[in-house]
Amino acid sequence: MAIIYNEELKTFSLHTKNSSYQMKIGKLNYLYHLYYGPSMRDEDLSYQIMQYDRGFSGNPYEARNQRIFSLDALPQEFSTLQQGDFRISSIEVSNGDGSYSFNGRVKSFKIYDEKYELKTLPASFSTDKDHVQSLEIVLEDEITKVEVVLLYSVFEEAEIITRSAKVINGGSESIHLRKIMSMCLDFMNGSDLEVLHLPGRYGQERQVERQRLTHQIHTISSGRGSSSHQQNPFVILCNKDTRENAGICYGTALVYSGNFVAEIELDQYDQVRMLMGINNKQFDFELKPGEEFEAPEVLMGFTDKGFTGLSHMYHDFFRNNMCKSKFVHEYRPILINTWEATFFTFDDVKLVEIAKAAKKMGVELMVMDDGWFGKRDDDNSGLGDWYVNTNKIKCGLNNLVEQINDIGLKFGIWFEPEMVSEDSDLYRAHPDWAMQIPGRPAVRSRNQLVLDLTRKDVQDYLIESVNKILDSANIFYAKWDVNRSITDIFSTELPGNRQGEVYHRYILGLYRILDGIVKTHPNILFEGCSGGGGRYDPGMLTYFPQYWNSDNTKPIDNLKLHYGTSFLYPICTMGAHVSEANPNIPISTKGTVAMCGTFGYELDATKLTAKKIKECKRVSKLYKKYYPIIFYGDYYRLTNPFVPGNLTAWSSVTKNKEEALISVVVTNLTVNGPQEYIRARGLNPDWKYYIDILDQAVSGSVLMHVGIPIPREVPEYTSYQYHLKHVRK
Ligand code: DGJ
C-alpha cells in the first residue's frame, strides 16, 4: 500500500519504492509534518519533536497553560495564519469580517485508489502501469468554515509524490484569498540544507546556482506573468555534500505557467520551511460562499542517489505521466526552421527553395516561422490577424503545403496567439481586447500588447482562428510562441475589486485555449516557445512534448543550457538546432550539441555550400541512428560546464544498458596539459562494450573507473560521439 493511515498513531505514511513521507494528526488536531526521506516502516516519527517554552512563540488558547506548545516550533504540513507560527504561512485569507486568520485543523480525510484530478489546471496523470493512491485531508477553520483540502497522489514506482491544495469557502460570507501555497515542506533541522535552482535570462536560460541557506527567507520567483526566462519553477533542496552521483536531494516542481514563488526559510531554531505555489504578487481572489479555488500541482521527488538520481526520476515522470501528446513516445522528425534563415523576408517561392535544399541535408520537416500572416513584414504589426498573407504566400497555404509535401517534407507553422499588434485588424476592431489599465497607456514590449485572455470572447476568437488555419492544410507541426512579459494587469471584464484575479485568470484562459487547440489536434506535433525557453515549465509540457530551449543557438552556450535544463526536463523535450552562429565551430560539433535535444536546423539551406550540405546530411543520419538512445535512454551529466575545464561531456544509456552514446566537446585546450579521461556512467560493469571510435571492446567497469582518453592534439571545438555497444559472447 502506498498510503497507510495508522488509526492508533494517527499517522499518514506515504510510501514510494524508495522513499517515505509522514504526517500525523497531533494535539488539537493540527497536522504535523514528520518526515520525508529514505523508506521507513510504518512507525511514529513524532519522537523527533522536542518541546520547550520558547520565548515569543505564541501558544493556541486551547493549549491552556502548556507554554511548550507552539506552532512556531512544531513542524506543520500546511502552515496556518495568525495562530502563533511566525514563519512563512501557506495561506493568507481575509475573512468576511476583514480579519486575516486561518486556523486549519484536521476535519476528515479519505484515501482512494486513483490519481486525484484538478478541474481547472493541468496536472500529471496515471497510466495502467502505475500504482497510484491518493489522499485528501480536509483542514477546517471552525470559526470561518473555510476549508483547505490537501491533495496527495503517490506514484510508487515513479518515486514521485504529487501535491495540490484546494480552498473551499464553506462560510456564509465572501472571502479574499491573498496567498495559497500548493506545498509546505517542513524540516525539523535543516541547517545542512542547500538550495539549487535555475536562474537565467533571455538567451541564457536555466543556468545553475547553488547556495547555502542562511537565516532568512530565500525567495525564488517570477512576477512576469509567466514562469519566465529569469527563474524556473523548479527548486532542489540538497545536503551540502550532495553531488551528481550521491547524496540527498528533494526536488520540487510546480505545474504552472504563470507567476510562481518558492520561499525557503531557515528560522531561528534551524528549522527549514519551504513553500511553493502561485506568487501572491497582486494576487487577491474572491471566493463567494460555496466557491472553491484550486492551487497548482507540485511534483515532489526524493532520492539519496544525487542529482542524477533525481533527474532520472523526473525525466521518466515527464515522459510517462506529464506530457499528454502521443509524440512524447514518437520519433520527432528533423526540422528546418525559417526564422534565422529569412526572418520576415520570404515568400512561397523562397520557402519551396529552402525545402528543396533542406531535403538534401536529411531534413524531414519544414517550419514556416513568424511572418506568414496578416501584415507582418517586421515585428511592429500583424499579431492577432491569423489569416494567410497572400502577398507572401501567393499560392495559398494549402498549395504551399502540398508543394512542400511533394518534396518529401512535412510542414509546420508558427503562431503567437496571446499577443496583438496595435497595427492589426484585430486591434482596430477590438482595442479593448488588449490589456490596459484605464487611463494609462499600455507598456509596449517588442512593440506588442498582450491580449486579455481572461475574457471568454478573446479565448473563443483565438481557438477558432488558430484552429481554422490548422485545419486548412496538411499541417504536421505548430510552434506556439510568446514574446514578452505581461504588464498592464487589468481586465475590463472584472470589477475594480477583482483585478487581483487577473494574473491567475490569464493563465486559466491560456490553458482553456490550449485545451481547445492542442487537445483537439492530437496528430499535430506542438512545440512551445517563449522567445526561446521563457516559459519552459511543467505546465506547458503537459501540452507540448517539446520546447524551444533558447534563441541562443551558439553551441558552447548551449552546453550550459542543456546541462541546466536537464536537471528537471528530459532531453526529448529540448528543442536544439544547428545554426550559422559561431561560423568557426564545425557543423559536426554543432550537430553533437544539437543532438542533445529535438534536432533541427535554423539556417538558410539555399546558401550552404555543397560541402556543408553533405556534412549536414552526415549529421542528420547520425541523429537518426542515435535517436532511440538519446530520447528513451537515461541521461548523465558527465562534466559540469559551469566549472572551468577543457571538456564538456554527457551521455545517454539505453534502459537495458545495451547501448550508450558518450558526447564530448573540446571547449578549451591547455597547452601541454595533462591527458584527460571521460568516465562513463550507468553501464553494466560486468559487460564488455565495443567502442566504435576506439575500435575496441572495454568492460563497463573499466569504462566507468578509468574512462575514455580524449585526444589532446586537436583543434578547439572538436567533438566526439563515442557509441558503445554491449558485446555478446
Ligand atoms: C522568438 C522565437 O524564439 C524565435 O524562434 C522566433 O520564432 C521568433 N520569436 C519569431 O518572432
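Asp85 and Arg273 form a salt bridge through their side chains, with an N to O distance of 3.0 Å. A salt bridge here is a side-chain nitrogen of Lys or Arg within 4 Å of a carboxyl oxygen of Asp or Glu. The pair links distant parts of the chain, 188 residues apart: Asp85 is in the loop between strand 4 and strand 5 (91-94), and Arg273 is in strand 17. Helices (H or I, at least four residues) and strands (E, at least two) are DSSP runs, numbered from the N terminus. Asp85 is buried at a relative accessible area of 6%, and Arg273 is buried at 0%. Buried means under 20% relative accessible area, exposed means over 50%, and partly exposed lies in between (1.4 Å probe, protein chains only).

The model is predicted: local features need pLDDT of at least 70, side-chain atom pairs count only at pLDDT 80 or more, and totals for chains, interfaces and linings use all residues. Residues are numbered from 1 along each chain as its sequence is written, and side-chain values use heavy atoms, with hydrogens and water left out.

**Further salt bridges**

The count of salt bridges comes to 48. Three of them are listed here.

| Asp85 | Arg273 | 3.0 Å |

Asp370 is buried at 1% relative accessibility, whereas Arg446 is partly exposed at 26%. Salt bridges that share partners join Asp85, Arg87, Asp186 and Arg273 into one network.

Strand 10 (residues 175-187) also holds Phe187. Phe187 is buried, with a relative accessible area of 11%.

**Domains**

The domain assignment, which is automatic or from a database, gives domain 1 (3-321), domain 2 (332-492 + 521-628) and domain 3 (647-726). The centres of domain 1 and domain 3, taken over C-alpha atoms, are separated by 41 Å.

An open sheet is formed by four strands in the order 1-2-3-4, with antiparallel pairing. Its edge strands, strand 1 (3-6) and strand 4 (31-38), each pair on one side only. Neighbouring strands of this sheet are turned by 15° against each other on average, direction ignored; axes are lines fitted to C-alpha atoms, for helices over the stretch in contact, and angles run from 0 to 180 degrees between N-to-C directions. Two strands count as paired if DSSP finds at least two bridges between them. Strand 3 (residues 19-25) and strand 4 run antiparallel and are joined by seven bridges. Met23 stands opposite His33 in strand 4.

Strand 22 (residues 365-368) is covered on both faces: Leu365 and Val367 on one side, and Met366 and Met368 on the other, are all buried. Strand 22 pairs in the parallel sense with strand 21 (residues 335-337) over three bridges, and Asn337 stands opposite Val367. Strand 22 also pairs in the parallel sense with strand 23 (residues 410-415), over four bridges. There, Ile413 is the bridge partner of Met368.

**Helix 10**

Helix 10 (residues 587-594) is mostly covered, with seven of its eight residues buried. These are Ile587, Thr589, Lys590, Gly591, Thr592, Val593 and Ala594.

**Loop residues**

Gln282 has a positive phi near 50° and is not a glycine. Gln282 is placed in the loop between strand 17 (272-278) and strand 18 (285-287), and is partly exposed at 47% relative accessible area. Asn672, also not a glycine, has a positive phi of about 50°. Asn672 is in the loop between strand 33 (659-666) and strand 34 (676-678), and is exposed at 74%.
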